[in-house]
Amino acid sequence: MQTPRRIGYPLVFVLLFSLFNLVLSDKVHASVMNRLGNGKNLTIHCQSKDDDLGQQNIPDGGEFGWDFSVNVGGTTLFYCDMEWENVQQYHFDAYSFARDYTRCASQCLWLISTEGMYSLNGQTGFWEFMYYWPN
Ligand SMILES: *[C@@H]1O[C@H](CO)[C@@H](O)[C@H](O)[C@H]1NC(C)=O
């Protein structure tokens with residue numbers, strides 16, 4: 001009775017690890033949309049430890065997006081600095097594994113408006129107000 005169980009354990013670990021890898025190797029699409037209105041431009045610079053997406057100008061009504069894989073260690077982080085007329089050097093995390101692995105399973109969408117930032121919760125399908133601009 002003991003022998004089959006002892007053989008079984010490593011197999012279960014291999015299966016669990018494969019499943020874990022499969023789930024985490026999905027591609028995620030991140031996107032930042034400029035909805036400031038009145039022709040206002042948004043300047044944004046996003047990067048991770050390995051990728052620098054460069055400085056981008058997003059015209060009013062436009063968007064900037066990119067795709068990435070979530071790493072197995074669960075440390076994937078894309079952070080951005082952006083500025084527009086009223087806000088200078090605003091820093092935020094466009095994707096942070098701990099915060100977003102369920103909320104943004106396949107896409108992490110951000111909407112920039114004059115009152116602050118909204119993000120689409122992929123689990124609920126609702127746009128959520130996330131951050132106010134600093135005064
Ligand atoms: C926004 O950027 C474009 C392209 O750089 C420029 O032509 C336009 O004048 C800018 N608009 C404003 C309101 O600054």
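Start in the middle: the largest nonpolar core has 19 residues, and Val32, Ile44, Ala94 and Tyr95 touch the most other members. A nonpolar core here is a set of buried Ala, Val, Leu, Ile, Met, Phe, Trp, Tyr and Cys residues joined through C-beta atoms within 7 Å. Buried means that 20 or more other C-beta atoms lie within 10 Å of a residue's own, with C-beta atoms placed from the backbone; exposed means 12 or fewer, and partly exposed is in between. Two or more residues of this core come from each of β1, β2 (42-47), β5 (77-84), β6 (87-96) and β7. Strands are DSSP runs of E, at least two residues long, numbered from the N terminus.

A word on what you're looking at: this is a predicted model, where local features need pLDDT of at least 70 and side-chain atom pairs count only at pLDDT 80 or more, while totals for chains, interfaces and linings use all residues. Numbering runs from 1 along each chain as its sequence is written.

Now pick out Ile44. Leaving aside residues up to four places away in sequence, Ile44 touches Val32, Gln56, Ile58, Phe64, Cys80 and Met82, a contact being two C-beta atoms, placed from the backbone, within 7 Å.

Val32 leads us to β1. In a regular strand, side chains alternate between the two faces of the sheet. On β1, Val28, Ala30, Val32 and Asn34 make up the covered face, while Lys27, His29, Ser31 and Met33 make up the uncovered one.

β1 belongs to an open sheet of 5 strands, ordered β4-β1-β7-β8-β9 with mixed pairing; strands pair if DSSP finds at least two bridges between them. The edges are β4 (63-69) and β9 (126-132), each pairing on one side only. On average, neighbouring strands of this sheet are turned by 20° against each other, direction ignored, using lines fitted to C-alpha atoms as axes and angles from 0 to 180 degrees between N-to-C directions.

What does β1 do with its partners? β1 (residues 27-34) runs parallel to β7 (residues 107-113), joined by 6 bridges, and antiparallel to β4, joined by 7 bridges. Ser31 stands opposite Leu109 in β7 and opposite Gly65 in β4, while Ala30 stands opposite Cys108 in β7.

At the other end of the sheet, β8 (residues 116-121) pairs with β9 in the antiparallel sense over 6 bridges, with Met117 opposite Tyr131. Their hairpin has 4 residues between the strands, and Gly125 takes a positive phi near 80° there.
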